[in-house]
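Let's take a friendly walk through this structure, starting with its sheets and moving on to its cavities and aromatic rings. Keep the 3D view open as you read.

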Amino acid sequence: MTTNTRLENQAYRSDIDGLRAVAILSVIGYHVSPDRIMGGFIGVDIFFVISGYLISSNIIRGLEAGNFSFLDFYQRRIKRIFPALLLVLVFSYLLGLAVFDRVEDTFNLVTESPFVQLSRQVTAGAAFFSNFIYWRETNYFDETASTQPLLHLWSLAIEEQFYVVWPVLLYLWSRFRGNYLVLAVLIALASFLFNIHTVQTDPTAAFYSPLSRSWELMLGAILACTSQFHTRENSVTAGNSQSTVGLLLVIWGLITISKENAFPGWVALLPTLGSYLLISAGPKAFFNKYFLENRVLVWFGLISYPLYLWHWPALHVYEIHIAPLITTPAGLRLAKLAVIIACVGLSWLTLVLVEKPIRHHARGRQFSAALLGAMVVVGTVSGITPELIPPAPNLPTAQLEIISKLVKVTEFKDLNGMYGDEPCFRHKEMQTAQLFIENNCLDMKFPGRPTVFLFGDSHSASLSLGLRALFKNKPVNFLQVSSGWCVPGLYDGNNAICRNMNELVLDTISKVKPEIVILNAFWAKAALPPFYSGDDYLPFLIQKLVEIKRAGAAHILVVGQIPIWQPSLPIRLSQTYVKNGKPIPLRTRDGVWAESLEMDSRMKNIVWPTNIAYISLKDLLCNEDGCLTMIGPTIERDLIVWDNGHLTPAGVAYVTKGVIEPALTGLLGDGRQ
């Protein structure tokens with residue numbers, strides 16, 4: 001993530017600030033609406049090229065003039081990068097300290113607590129090795145990425161690693177009077193080849209590794225090297241051609257690249273070569289002059305660095321603390337828009353009140369030293385805080401033993417424990433519809449016998465445990481398509497993989513004509529963006545169900561919204577009951593998300609079309625005393641869900657016997673004999 005500054009001794013180009021604006025607005029567009037701005041994350045690649053060009057130009061100019069100073073170089077980098085970054089790190093740290101409940105740390109006796117994770121991320125951000133932390137822990141495109149408040153600092157870490165290594169290499173190369181262009185080209189080629197290899201063998205490493213990303217910065221460096229030896233400006237015709245082609249490549253990348261691509265890989269050439277051509281075209285080229293130098297774009301370019309830093313933590317706060325309180329798509333859109341507008345204002349204030357005064361202060365060296373010291377303090381304090389603050393209240397041994405048992409329930413998170421031995425759940429976002437064909441999830445094992453087809457999200461995958469057990473010794477074809485990232489057949493978005501899954505579901509139904517189709521999903525979530533973007537989900541749902549019935553389903557059973565626990569049932573029981581020495585109740589309303597209960601009520605009151613029936617889980621699991629927490633006395637075995645709403649094996653068995661099996665009675669005829 002490059003800073004938006006005018007380098008000393010280098011003519012300022014407002015068109016480059018305009019290109020920064022394209023980059024930052026693309027990144028924010030992707031983070032706000034990943035299903036619509038699917039290629040927006042390539043904005044980071046644009047930043048890499050810009051940074052490589054500007055920094056390399058500065059270093060080479062100093063080396064050629066014989067006045068390059070490592071001390072001056074790093075002082076400037078500190079003054080330009082540290083102020084805004086320190087603000088964001090301190091804000092994130094203090095917010096985490098305030099909102100993360102220490103009782104949640106009590107619960108996390110086995111798994112790491114959110115506050116410990118945040119502390120490590122702040123330390124990594126201060127030390128500029130965030131990319132290595134996330135390389136080990138988080139795929140950038142995973143659904144869990146939104147739970148990482150400082151995930152975006154991975155790109156800043158790569159740039160800082162570039163700032164450390166590249167000046168030294170250039171300086172040493174200059175001592176041997178080597179050609180800078182040769183060095184940049186050699187590094188770029190080696191890095192690009194490493195990228196092509198690694199993106200196939202270890203995609204996460206390819207995304208986060210400086211070795212697989214260096215070629216993008218080197219493209220900018222190559223441009224800087226060639227610029228040093230050309231005093232003649234590009235002709236207007238050549239500049240216009242480069243500008244046009246460059247802009248088209250960037251737009252093409254934004255439109256065609258998505259998280260389904262092996263990235264960076266070959267496709268990263270679109271934004272990087274596009275940026276290379278736009279910069280090399282010069283400020284007089286048509287699109288540079290009349291598009292990139294637009295005042296609005298230039299203004300966004302000037303605040304692009306603080307805006308990049310602020311927007312992701314703000315969206316994290318929105319996802320975790322604001323979105324769960326909003327129950328309508330329109331409300332979610334307005335709230336997210338308000339968060340982004342606030343980020344823009346905050347970024348402008350950061351630039352005007354913090355960055356500029358420090359950048360232009362007369363005592364540059366003193367400020368640089370102070371900023372460096374402050375960054376060391378922030379990183380150190382954040383690193384040792386989990387050790388200094390007791391991770392849990394001093395509870396009696398008996399209470400800690402109960403919490404330990406609750407922790408064991410979370411171990412059902414392994415794929416077999418959660419979703420059974422059958423690999424018919426798309427648990428990785430990159431997996432395609434082909435998964436279900438390759439894993440025989442749609443095979444008709446008993447030709448001519450009744451067929452039951454289950455599909456939905458991860459909740460349907462949990463439900464499959466009970467259904468497979470129910471049909472284990474019966475001549476019934478049991479088919480399954482479950483996905484954690486879209487509700488197959490019901491998805492309303494632009495995700496190509498989800499569209500393919502929709503087609504697979506409808507095609508399968510039209511071929512096998514199943515006696516029963518069972519749908520199960522986190523309906524309260526499926527009704528909201530990015531899964532559904534309209535104003536009223538239920539008419540859309542009915543329309544899709546009618547299409548499924550027309551495709552060949554004889555009967556459809558819609559399994560309703562399970563009661564959702566916030567933040568999860570085990571954590572809520574730890575916080576409210578175990579910590580306070582109270583016994584775990586059989587039923588409680590504490591922690592139950594009201595919207596999940598309301599969604600069941602709305603769905604139950606629908607007049608469903610013929611041969612479409614609704615099964616209420618709320619009616620089975622909840623009454624006037626609250627919602628069921630356990631179905632027996634053994635915590636490790638009998639908790640109803642292991643997280644916020646995924647059934648444990650015991651919970652699945654209870655639900656299957658209580659409402660699923662009775663609903664199937666009579667529908668399968670001899671298939672159940």
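Predicted model: local features only at pLDDT ≥ 70, side-chain atom pairs only at ≥ 80, totals over all residues.

Two strands count as paired here if DSSP finds at least two bridges between them.

**The six-stranded sheet**

An open sheet of six strands runs in the order β1-β3-β2-β4-β5-β7, with parallel pairing. At its edges are β1 (425–426) and β7 (612–615), each of which pairs on one side only. To see how β1 is held, look at β3 (residues 477–483): two bridges join these strands, which run parallel.

Helix α21 touches β1, β2, β3, β4 and β5, while helix α24 touches β2, β4, β5 and β7. The table sets out their directions.

| Helix | Residues | Angle with a strand |
|---|---|---|
| α21 | 458–471 | about 165 degrees with β3 |
| α24 | 537–551 | about 145 degrees with β5 |

**The three-stranded sheet**

A second open sheet has three strands in the order β6-β9-β8, and here the pairing is antiparallel. Why is one side of β6 and of β8 left without a neighbour in the sheet? β6 (587–588) and β8 (622–623) stand at the edges, and each has a single partner strand, so one side of each has no neighbour in the sheet. Two bridges join β8 to β9 (residues 626–628), and these strands run antiparallel. Cysteine 622 has cysteine 627 in β9 as its bridge partner.

**Cavities**

The model has five cavities of 30 Å³ or more. Two or more lining residues come from each of α3 (70–99) and α15 (304–322). Which element gives the most to the lining? That is α3, with five residues. What is the lining made of, by class? Eight of its residues are nonpolar and four are polar, with no charged residues.

**Aromatic pairs**

The structure holds 30 aromatic pairs. One of them is formed by phenylalanine 70 and tyrosine 74, which are stacked at 6.5 Å centre to centre with 15 degrees between the planes. Both residues lie in helix α3, four residues apart, which is about one turn of the helix. Helix α3 also gives five residues to the lining of the largest cavity.

Definitions and conventions
Residues numbered from 1 in each chain as written. Heavy atoms only, no water. Contact = heavy atoms within 4.5 Å. Axes fitted to C-alpha atoms, helices over the stretch in contact; angles between N-to-C directions. 1 Å grid on protein atoms, 1.4 Å probe; cavity = no way out; pocket = protein on both sides within 12 Å on 5 of 7 lines; lining within 4 Å. Points joined across faces, edges and corners; volume = space filled by probe spheres on them. Nonpolar A, V, L, I, M, F, W, Y, C, P; charged D, E, K, R; others polar. Phe/Tyr/Trp six-rings, centres within 6.5 Å; stacked < 30°, edge-to-face > 60°.
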